[in-house]
Amino acid sequence: MIEIQDEELDAILSIYPDKLFELSDKPKRFKLIVNSDESSEDNIDEVSVELMLTLPPEYPEVVPQIELETDNGLTVDESENLIESLNEIARENVGEVVIFTLISSCKDILTETSDRHRRDAEELAAMKEKEAEEALNRKLIGIPVTVESFMAWKRKFDEQRSLLDNINSMNISDSKQSHRLTGKQLFERDRSLDCSDEIFFAEAGDDVDIDETLFEEEEEDDLELN
């Protein structure tokens, strides 16, 4: 078993000479830096892990121990799912050397995760841009008027106008009543009314004709009442 393990590690070291670090020989324990494929020129979306593998003496007849020493760009759930996926692959390949398969699968999963992160970021940016554009359009153009919104506005407007008309009508009525003077108020306001008849007769002179029969009728009425 040890010979098989040595041969497999030599092959892995030749493929990843700058990323494989042996930590111990008994049991064989090493870590390997695994990156997602470069998805952009500035590698902003790249995620990576330090994959740590421990080979029991019975390997490859048993599964290796799989751990993540560090992870960059992964959530806790994504890290846990990655370990579970690699353990599942190891269990499916018991009896066969599986280190290269685990490394390749890890890289594929990291690349898928990186691509998902990039798509999510692009969708979020597009959504924010759309919301900003819609907010600007509402500010410049206003909210579109529909039949329902117009009728609701008209009902409210008519109610407010009717209420205002009633208030104005009441104010006008009160104003008229407040300006209507009684006879006593008229007399107190203009004392000339007290001698208005005398002034009238004086100005008319002898041209005033008085119907004395009117006074006679009043005297007769007074006698009948007595």
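Biologist: Which strands does helix 1 lie across?
Modeller: Helix 1, residues 2-15, lies across strand 1, strand 2 and strand 3 (48-55). Its direction runs at about 25° to strand 2. Please keep in mind that this is a predicted model.

Biologist: And what does helix 2 touch on the sheet?
Modeller: Helix 2 packs on the sheet by touching strand 3 and strand 4. The direction of helix 2 makes about 150° with that of strand 4.

Biologist: How many helices and strands does the protein chain have?
Modeller: There are 7 helices and 4 strands in the protein chain. From the N terminus on, the elements run α-β-β-β-β-α-α-α-α-α-α.

Biologist: What is the order of the strands in the sheet?
Modeller: The order is 1-2-3-4, in an open sheet of 4 strands with antiparallel pairing. Strand 1 (20-24) and strand 4 stand at the edges with a single partner strand each, so one side of each is left without a neighbour in the sheet. From one strand to the next, the twist averages 20°.

Biologist: How many bridges join strand 1 to strand 2?
Modeller: Strand 1 and strand 2 (residues 28-35) run antiparallel and are joined by 4 bridges. Leucine 20, for instance, has leucine 32 in strand 2 as its bridge partner.

Biologist: Over how many bridges do strand 2 and strand 3 pair?
Modeller: That antiparallel pairing extends over 8 bridges. Within strand 3, serine 48 stands opposite asparagine 35.

Biologist: And strand 3 with strand 4, over how many bridges?
Modeller: Strand 3 and strand 4 pair over 7 bridges, again in the antiparallel sense. Valine 49 has aspartate 71 in strand 4 as its bridge partner.

Biologist: Why is strand 3 described as largely enclosed?
Modeller: Strand 3 is largely enclosed by the rest of the structure because 8 of its 8 residues are buried. Both faces are covered. On one side, Ser48, Glu50, Met52 and Thr54 are buried, and on the other Val49, Leu51, Leu53 and Leu55 are buried as well. In general, side chains in a regular strand alternate between the two faces of the sheet.

Biologist: Changing topic: where does glycine 73 lie?
Modeller: Glycine 73 lies in the loop between strand 4 (65-72) and helix 2 (76-92). Glycine 73 is partly exposed, with a relative accessible area of 41%.

Biologist: Which residues does glycine 73 touch, not counting those up to four places away in sequence?
Modeller: With those left out, glycine 73 touches Val47, Glu78 and His117. Valine 47 is 26 residues from glycine 73 in sequence, yet the two stand 4.9 Å apart in space, C-alpha to C-alpha.

Biologist: What about serine 105, buried or exposed?
Modeller: Serine 105 counts as buried, because its relative accessibility is 16%, and buried means under 20%. The residue lies in helix 3 (residues 99-141). Not counting residues up to four places away in sequence, serine 105 touches Leu86 and Ile89.

Biologist: On to charges. How many salt bridges does a search of the whole structure find?
Modeller: The search finds 11 salt bridges. One of the pairs is aspartate 25 with lysine 28, whose closest N and O atoms are 2.7 Å apart. Aspartate 25 is partly exposed at 42% relative accessible area, whereas lysine 28 counts as buried at 6%.

Biologist: Which residues are linked with Asp25 and Lys28 in a network of salt bridges?
Modeller: Asp6 is linked with Asp25 and Lys28 in that network.

Biologist: How far apart are aspartate 115 and arginine 118 in helix 3?
Modeller: They are 3 residues apart, so about one helical turn separates them. Their side chains meet in a salt bridge at 3.0 Å, N to O. Aspartate 115 counts as partly exposed at 21% relative accessibility, and arginine 118 is partly exposed at 23%.

Biologist: Last topic, the surface. Which residues form a nonpolar patch there?
Modeller: The patch is formed by Val145, Val147, Phe150, Met151, Trp153 and Phe157, with about 620 Å² of accessible area together. Tryptophan 153 lies in helix 4 (residues 147-179).

Conventions:
Residues are numbered from 1 along each chain as its sequence is written. This is a predicted model: local features need pLDDT of at least 70, side-chain atom pairs count only at pLDDT 80 or more; totals for chains, interfaces and linings use all residues. Side-chain values use heavy atoms; hydrogens and water are left out. Helices (H or I, at least four residues) and strands (E, at least two) are DSSP runs, numbered from the N terminus. Buried means under 20% relative accessible area, exposed over 50%, partly exposed in between (1.4 Å probe, protein chains only). Contact means heavy atoms within 4.5 Å. Two strands pair if DSSP finds at least two bridges between them. Axes are lines fitted to C-alpha atoms, for helices over the stretch in contact, and angles run from 0 to 180 degrees between N-to-C directions. Patches are made of residues with over 30% relative accessible area and no salt bridge: like charges are joined within 9 Å, nonpolar side chains (Val, Leu, Ile, Met, Phe, Trp, Tyr) within 5 Å. Accessible areas come from the Shrake-Rupley method with a 1.4 Å probe; for residues, only the protein chains shown count as cover. A salt bridge is a side-chain nitrogen of Lys or Arg within 4 Å of a carboxyl oxygen of Asp or Glu.
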